[in-house]
Amino acid sequence: MATWNSRGLRGSTLEDLLNRTNEKYAENGLALIQKIPTPITPINIDKETRHITLAYFDQKSTVDYIGAIQGIPVCFDAKECHTDTFPLANVHPHQVRFMEQFEKQDGIAFILIYFTHRDEFYYLRFADLYSFWQRAEEGGRKSFRYEELDASYFLPKVSGVLVPYLQALQKDLEARD
């Protein structure tokens, strides 16, 4: 059983940026995306502040976000990466299975990666994640490198949108047709 501690806050910067982006998309009628909370069971609660000081995760979560964009069901996870090598250990087998099943139901699954040291966002299509995942399962690299990524899925800077992933989603949809 995993214990809740400060390591769980590693992606909070990206999460905040995504939450604000999703609010903007909702305000403009473009998307309805919700953050999926990770279910926890509190162990210790500070009686004065009523803050949880120790807890454990009840179950494995699926992905960070789920919703619909212009009628298309989507689910995605958000990951931060501080180097040019992304360890596949940052994505859990149950998440890959969930995304695979989601896509089989005609949804779109992807991962948004924030390369913090480059200040760049990347839309990793599920098909590409799965390809890297299979390579690792077959004894290959347990990570992928920045140079291996399709440059056309790096998110451009867009005024007024913090993590502008809709254009990459559109490109992903077009690639499927």
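**View 1. A cluster of aromatic rings.** Ring pairs join Y25, Y65, F76, F110, Y123, Y153 and Y165 into a cluster. Here, rings of Phe, Tyr and Trp (its six-membered ring) pair if their centres lie within 6.5 Å; planes under 30 degrees apart count as stacked, over 60 as edge-to-face and the rest as tilted. Please keep in mind that this is a predicted model, in which local features need pLDDT of at least 70 and side-chain atom pairs count only at pLDDT 80 or more, while totals for chains, interfaces and linings use all residues. Residues are numbered from 1 along each chain as its sequence is written, and side-chain values use heavy atoms, with hydrogens and water left out.

View 2. How many aromatic pairs does a search of the whole structure find? The search finds 16. One of them is formed by F110 and Y165, a tilted pair with 6.0 Å from centre to centre and 45° between the planes. F110 belongs to strand β7 and Y165 to the loop between β9 (143-145) and α4, so this pair ties together parts that are 55 residues apart in sequence. Helices (H or I, at least four residues) and strands (E, at least two) are DSSP runs, numbered from the N terminus. F110 is buried at 1% relative accessibility, and Y165 is buried at 0%. Buried means under 20% relative accessible area, exposed over 50%, and partly exposed in between (1.4 Å probe, protein chains only). Now find the rings of F115 and F154: their centres are 6.4 Å apart and their planes meet at 45°, so this pair is tilted. It links distant parts of the chain, with F115 in strand β7 and F154 in the loop between β9 and α4, 39 residues apart. F115 has 1% relative accessibility and counts as buried; F154 is buried too, at 18%.

View 3. Is strand β7 (residues 108-115) buried or exposed? Eight of its eight residues are buried, so the strand is largely enclosed by the rest of the structure. In a regular strand the side chains alternate between the two faces of the sheet. Along β7, I108, F110, L112 and Y114 point one way, while A109, I111, I113 and F115 point the other way. Two strands pair if DSSP finds at least two bridges between them. With strand β5 (residues 72-81), β7 pairs in the parallel sense over eight bridges, and A78 stands opposite L112. Strand β8 (residues 120-125) runs antiparallel to β7 and is joined to it by six bridges; the partner of Y114 there is F121. The hairpin of β7 and β8 has four residues between the strands, and D119 takes a positive phi near 55° in it.

**View 4. Buried K79 in strand β5.** K79 sits in strand β5 and is buried, with a relative accessible area of 12%. A polar contact of 2.9 Å joins its side chain to that of D77. (A polar contact is a pair of N or O atoms within 3.5 Å; within protein, one must be able to donate a hydrogen and the other to accept it, and residues adjacent in sequence count only if both atoms are side-chain atoms.) Leaving aside neighbours within four places in sequence, K79 is in contact (heavy atoms within 4.5 Å) with residues including L14, F86, N90, I111 and I113.

View 5. Side chains of opposite charge can pair when their charged atoms come close. A salt bridge is a side-chain nitrogen of Lys or Arg within 4 Å of a carboxyl oxygen of Asp or Glu, and by this rule the count comes to 12. R20 and D16 form one, with their closest N and O atoms 3.6 Å apart. These two are four residues apart in helix α1 (residues 12-27), and so are separated by about one helical turn. R20 is partly exposed at 44%, as is D16 at 38%. Turn next to D172 and R125, whose side chains meet in a salt bridge of 3.3 Å, N to O. D172 lies in helix α4 (residues 166-176) and R125 in strand β8, so the pair ties together parts 47 residues apart in sequence. Both D172 and R125 are buried. Salt bridges that share partners join E103, R125, D128, D172 and R176 into one network.

**View 6. Lysines over tyrosine rings.** A charge sits over a ring if NZ of Lys or CZ of Arg is within 6 Å of the ring centre and within 35 degrees of the ring normal. The charged end of K35 sits over the ring of Y65, 5.7 Å from its centre. K171 lies over the face of Y153, at 5.4 Å from the ring centre.
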